[in-house]
Amino acid sequence: MTIAHYMDPEQTSFSELYKFKRGSRGPKGYRGYTIPLEVPLMEEVAKKPSKSLSAGSANREGLIEIFWSPFSVLLVFVPLGAYSASHWGDGWTFILNFIALLPLAKILGDATEELAVAIKNDAVAGMLNATFGNVVEMMITVNTLRATRMPVAQRTDVVKCTLLGSILSNLLLVLGMSFCFGGLTKVKVQAATTTVGGEKEQKFAMKGVTMSMGLLTFCCMSFALPTLFAQGYQNHMGDLLDVSRNGSLLLGSAYLAFLFFQLVSHKQTLETEEGELKDAEDGENEDRPPLSIWLSISMMIVVTVVTDLISDFLCESIGGVTEDINVAFLGTILLPIAGNACEHLGAVRFAMDDKPGLAVGIAVGSSTQVALFVVPFAVIVGWLLNVPMTLDFGPVNTAVIFFSVLLATVLMSDGRSHWLKGYLLMLAYTFIAVLFWNLPPKMDE
């Protein structure tokens, strides 16, 4: 869970969103999967009000909710991935560690969410999730930039493609799937939908979305200008680095300003449409308190360390894998899945439950966070590591992200969604995947 969720004006507080997310995970079903739990004790605990639960019982129930999911089965790939790094070659190392990152990203996100709620302060919770919401992407970025088995140019190419892919997967694939499946399911929340003759449309608040799309357009400009500079002045690499590094500092300042805008100065403004798009009984259950602060922090530390090791193995194996797979396709399409799969499923589930504001908040907000925070973070890390990481994404990548932002902006401009809009967004993502699969090596830079 990331600061992206604060971009959803339908939610009045972090705790309300927390209740929605908890309702879709654990023994009662995670992200749409139904998992029966034949443990009478858990059924009895769930029936009791949260005040009757001791800290130990709340922690026990919380851990069961977090780990009782289909993704937890994939934890078996963590030791296999670590072992493969020194025994089975780059191909198996990449595959096993790629799969191992899926449950680690999910557990890290849940632990961060639990800690944020335990703090009982929306502003602090927002900052906490802003910091840890993209830890997996940030680790992949750092480990790729310092991967010694790859040439420097290939390291920066992989990082740029991975960050581009994170933006595109959220903005096109996740948003498209949410609109498509949300538009095809039966009406569950009357206030968030309109139906005419059985034809369903979902409604979402536009204030936060408009601000996010404006920021993404600003990011497109921030990528396009250094790219044009690089194309026009190819012998001025030092100047391009200066432009990119100073531009990254400006992007970072825009991100901090956006956090302040979302969480402090205009928090109430973004919540004015809330009552119109929610049913009265929406989000009224909360079975237990969050995990204790010490347990949440302990989980975050342990999972972060393990994730760093696994991502390091993954990044070191990329050099061998790219002999068979296009670098652009690997970075843009495959790698973003590792850090975003759980939230992707969550956004689709929210849309199917007629909570399109949450789905849009996750998809658009996550894209905005990557563009405003993780991209400048990558440039600054490259600066510290003496790796020439720039904001020159190349003409193809820049055109792809510009037209993707333009398409998403046009389709969301009326605050309504239906299955056809989702289908168009998914088609755009598929077209881009085909493009990068066939991109010649000389065009990867």
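This is a short tour of one protein chain, from its overall make-up down to single residues.

Keep in mind that the model is predicted. Let's start with the whole chain. The chain has 445 residues, and 58% of them are buried. Its secondary structure comes to 15 helices and three strands. Now the contacts. Take those between residues at least 6 apart in sequence: 83% of them join residues at least 24 apart.

Helix 14 runs over residues 394–412, which is 19 residues. From first C-alpha to last, helix 14 reaches 27 Å. That is close to the 27 Å expected at 1.5 Å a residue. Which residues of helix 14 are buried? Among them are G394, N397, T398, V400 and I401. Further along, S404, V405, A408, L411 and M412 are buried too. Look at the spacing in that list. An α-helix has 3.6 residues a turn, so residues three or four places apart point the same way.

What covers the buried residues of helix 14? The cover includes helix 8 (152–184), helix 9 (207–232) and helix 13 (356–384). Strand 3 and helix 15 (419–437) belong to the cover as well.

F402 is partly exposed, at a relative accessible area of 42%. F403 is exposed, at 53%, because the cut-off for exposed is over 50%.

Let's move to strand 3. This strand spans residues 416–417, and S417 sits in it. Is S417 buried or exposed? S417 is buried, with a relative accessible area of 1%. Its contacts, leaving aside neighbours within four places in sequence, are F179, E201, Q202 and F204.

Now the aromatic rings. A pair of rings is described by the distance of the centres and the angle of the planes. The count here is nine aromatic pairs. One of them is F229 with Y233: the centres are 5.2 Å apart and the planes are at 40 degrees, so this pair is tilted. F229 is partly exposed at 23% relative accessible area. Y233 is partly exposed as well, at 49%. Compare F402 and F403: their centres are 5.3 Å apart and their planes are at 75 degrees, so that pair is edge-to-face. Ring pairs also link Y255, F373 and F377 into a cluster.

On to the surface. Which residues form the nonpolar patch? They are V76, L80, Y83, W88, W92 and I95. Together they have about 600 Å² of accessible area. Helix 4 (77–84) and helix 5 (89–119) each give two or more residues to the patch. I95 has its place in helix 5. At 41% relative accessibility, I95 counts as partly exposed.

Most residues other than glycine have a negative phi. D354 is not a glycine, yet its phi is positive, about 60 degrees. N386 is not a glycine either, and its phi is also positive, about 60 degrees. Where do they lie? D354 is in the loop between helix 12 (327–352) and helix 13. N386 is in the loop between helix 13 and helix 14. Their surroundings differ in cover. D354 is buried, with a relative accessible area of 1%. N386 counts as exposed, at 68% relative accessibility.

Notes. Residues are numbered from 1 along each chain as its sequence is written. This is a predicted model: local features need pLDDT of at least 70, side-chain atom pairs count only at pLDDT 80 or more; totals for chains, interfaces and linings use all residues. Side-chain values use heavy atoms; hydrogens and water are left out. Patches are made of residues with over 30% relative accessible area and no salt bridge: like charges are joined within 9 Å, nonpolar side chains (Val, Leu, Ile, Met, Phe, Trp, Tyr) within 5 Å. Accessible areas come from the Shrake-Rupley method with a 1.4 Å probe; for residues, only the protein chains shown count as cover. A salt bridge is a side-chain nitrogen of Lys or Arg within 4 Å of a carboxyl oxygen of Asp or Glu. Helices (H or I, at least four residues) and strands (E, at least two) are DSSP runs, numbered from the N terminus. Buried means under 20% relative accessible area, exposed over 50%, partly exposed in between (1.4 Å probe, protein chains only). Contact means heavy atoms within 4.5 Å. The expected span of a helix is 1.5 Å times one less than its number of residues. Rings of Phe, Tyr and Trp (its six-membered ring) pair if their centres lie within 6.5 Å; planes under 30 degrees apart count as stacked, over 60 as edge-to-face and the rest as tilted.
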